[in-house]
Amino acid sequence: APNQYDHKFFSRIVSLGGGNSEHPLLVVGDFNVVHDPSVDCSGAAAYRQMGARRGIGFLLSALDLVDGWRSLHPQERDFTHTSRAHGTHSRIDYALLSPALFTRIRGITHSSIIISDHAMVMIELEAPESWRIGGWKFPVYLC
């Protein structure tokens, strides 16, 4: 995501996500913003990102998404980004899920920050029965 709030960017994600809450939807990535500074940031810098937080809020609302990790860990402080320059830690990498997909979460964790300045967001989902019969293949049009 852009470092500054860009309504066009977030509107494009919403348009790609469609409007059908019956279908599972997963939006994952580095959104470059702390959604809830009270639990997702080790420093005060995130409090200055009020405008940028609108993007995450817009996605959650417009697509009826759930912040998977935060929903499973309401008060836990775990960070996905380290700023060595500022000496701060924050959670700016998200897995946003539709309610239909959220019910299939078996687990969601963050890796250690080793190679990069970001941690991976790892999600384990229970596959629907229809995927188990005859196997599931990755949609070629996504390549």
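Here is a short chat about a predicted model and the terms used for it.

User: What makes the confidence of the protein chain what it is?

Analyst: The mean pLDDT is 82, and 86% of residues reach 70 or more; pLDDT is the predictor's confidence in each residue, from 0 to 100. Confidence is highest in strand β2 (residues 66–67), at 94, and lowest in helix α6 (residues 129–132), at a mean of 68. Helices (H or I, at least four residues) and strands (E, at least two) are DSSP runs, numbered from the N terminus. In this predicted model, local features need pLDDT of at least 70, side-chain atom pairs count only at pLDDT 80 or more, and totals for chains, interfaces and linings use all residues. Residues are numbered from 1 along each chain as its sequence is written, and side-chain values use heavy atoms, with hydrogens and water left out.

User: Why is L26 called partly exposed?

Analyst: Its relative accessibility is 37%. Buried means under 20% relative accessible area and exposed over 50%, with partly exposed in between (1.4 Å probe, protein chains only), so L26 counts as partly exposed. L26 sits in strand β1 (residues 26–30).

User: Which residues have the most contacts inside the largest nonpolar core?

Analyst: They're V27, F31, L59, L63, L65 and L96, in a core of 15 residues. A nonpolar core is a set of buried Ala, Val, Leu, Ile, Met, Phe, Trp, Tyr and Cys residues joined through side-chain atoms within 4.5 Å. Helix α3 gives the largest share, four residues.

User: What does L96 touch?

Analyst: Leaving out residues up to four places away in sequence, its contacts (heavy atoms within 4.5 Å) include L25, L26, V27 and F31.
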